[in-house]
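Colleague: I have this model open and want to go through it with you. Could you start with the terms?

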Amino acid sequence: MHMCQSLCNFAEIYKLAKKVHLKRLILFMGLMAVTSGLYAQAGRSVFAFLDLPYSARLNALGGANVSLGNDHEVTAALNNPALLSAATQNMLQLGYANYGAAMNFAQVAYGHNWGDNYFAVALHYLDYGQFQYADPYGNMQQGQTFSARDAMLDIIYSRQLGPLFRVGASLKPVFSSYETYTSFALGADVGGYFALPDSTLQIGLTLQNIGWQLKGFYTDLYGQQLYMMPLNLQLGLSYKLPHAPLRFSMTIHNLQRWDLNYYQPNAQPATWYDMLFRHTVWAIDILPKKDIFWLTVSYNHRRRMEMQLVDQRSMAGFAIGAGLNIKMVRLGFAMSQYTRGNFTYQASFSLNINDLLK
């Protein structure tokens with residue numbers, strides 16, 4: 001019985017897929033793969049803050065998810081621009097996160113639609129706090145401080161292609177200022193999204209941070225040093241059980257680069273199966289039928305392996321979050337740990353302006 005139902009579902013998918021621009025979608029996905037392969041050979045990158053989760057929802061999902069497109073989350077489109085949908089119409093979203101000490105992150109995002117054309121704009125700001133100057137020997141210079149900060153503007157567009165597919169793109173100017181060193185870059189994201197009519201199966205594919213510095217942090221004997229942004233090709237799949245309030249998500253990140261190691265003195269290289277697992281993020285959602293709340297638990301293996309301390313217990317790699325939907329207001333909160341004693345707390349607030357104006 002279950003096999004017959006599955007075959008019927010695949011037959012339905014095939015019939016619906018024939019009605020949309022499937023050839024264009026395949027070409028689009030192929031271009032993303034080729035582009036990511038070229039960028040993967042380009043070397044070093046900057047603006048690592050672009051890998052931080054933009055919202056409490058994404059934090060709870062392990063920091064990476066490109067396949068959830070119907071959660072009324074404008075900030076979901078910051079991971080995959082194709083996730084903008086009719087559900088993000090006139091949604092205003094505010095977010096705040098604290099990464100310990102004086103490091104604070106804030107963002108504001110707004111979505112607006114015209115028919116099957118979906119738009120959004122978002123502004124992100126990361127402040128690292130005040131630092132004290134020191135001489136080459138490590139002696140602090142009392143009363144002399146400097147600051148460091150990052151900022152990014154995200155302009156997003158998405159379009160529906162038939163009942164099953166959406167594609168999207170975004171333009172993202174990035175600015176950083178560390179003491180007297182400044183840098184400016186221009187980047188872009190492209191993405192695709194597929195979902196069954198009942199959203200039990202959702203698939204997302206995105207290529208993030210296509211771009212380079214236009215102004216570098218420094219100049220040496222060879223001229224101004226310009227580096228690429230941290231390119232990230234991600235593929236995600238989410239599946240909701242038809243008769244249970246559970247949804248499972250798996251996101252595969254950095255598909256353009258196999259080796260995610262970085263230099264560590266005296267460290268043993270990761271095995272192939274460990275490296276394979278480092279490319280994945282897993283999440284489980286508990287979702288009641290009436291969309292009253294959500295509860296999410298996730299595991300990011302790369303974060304676990306890079307952030308855990310030897311001979312000390314920590315929850316590095318794990319994240320948990322919850323959200324509550326009250327009429328026109330949607331609240332979210334998430335907590336994750338990078339190292340022992342260092343928790344990140346992130347909160348999001350979304351307001352449906354359509355309901356507010358009624």
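Modeller: Buried means under 20% relative accessible area, exposed over 50%, and partly exposed in between, with a 1.4 Å probe and protein chains only. The model is predicted, so local features need pLDDT of at least 70 and side-chain atom pairs pLDDT 80 or more, while totals for chains, interfaces and linings use all residues. Residues are numbered from 1 along each chain as its sequence is written, and side-chain values use heavy atoms, without hydrogens and water.

Colleague: Is Y128 buried or exposed, or in between?

Modeller: Y128 counts as partly exposed, at 22% relative accessibility.

Colleague: And how much of the chain is buried?

Modeller: Of its 358 residues, 45% count as buried.

Colleague: What about secondary structure?

Modeller: The chain has six helices and 16 strands. These are DSSP runs, numbered from the N terminus: helices are H or I with at least four residues, strands are E with at least two.

Colleague: How many aromatic pairs are there?

Modeller: A search of the whole structure gives 15. Rings of Phe, Tyr and Trp (its six-membered ring) pair if their centres lie within 6.5 Å; planes under 30 degrees apart are stacked, over 60 edge-to-face, and the rest tilted. W114 and F119 make an edge-to-face pair, 5.4 Å centre to centre with 75° between the planes. W114 is exposed at 52% relative accessible area, whereas F119 is partly exposed at 33%.

Colleague: What is the geometry of Y128 and Y178?

Modeller: Their ring centres are 6.0 Å apart and the planes are at 85°, so this pair is edge-to-face. Y128 is in strand β3 (residues 117-134) and Y178 in strand β5 (residues 165-178), so the pair ties together parts 50 residues apart in sequence. Y178 is partly exposed, at 27% relative accessible area.

Colleague: Which aromatic cluster are they in?

Modeller: One formed by F47, F49, Y128, Y178 and F217.

Colleague: New topic. Where does the charged end of R57 sit?

Modeller: Over the ring of W294, 4.3 Å from its centre. The test is CZ of Arg, or NZ of Lys, within 6 Å of the ring centre and within 35 degrees of the ring normal.

Colleague: How many cavities of 30 Å³ or more?

Modeller: Two. A cavity is a set of points on a 1 Å grid over the protein atoms alone where a 1.4 Å probe fits but cannot get out, and lining residues have an atom within 4 Å of a point. Points are joined across faces, edges and corners, and the volume is the space filled by probe spheres set on them.

Colleague: What volume does the largest cavity have, and what lines it?

Modeller: About 110 Å³. R57 is one of the lining residues, which also include S55, D71, E73 and L83.

Definitions and conventions
1 Å grid on protein atoms, 1.4 Å probe; cavity = no way out; pocket = protein on both sides within 12 Å on 5 of 7 lines; lining within 4 Å.
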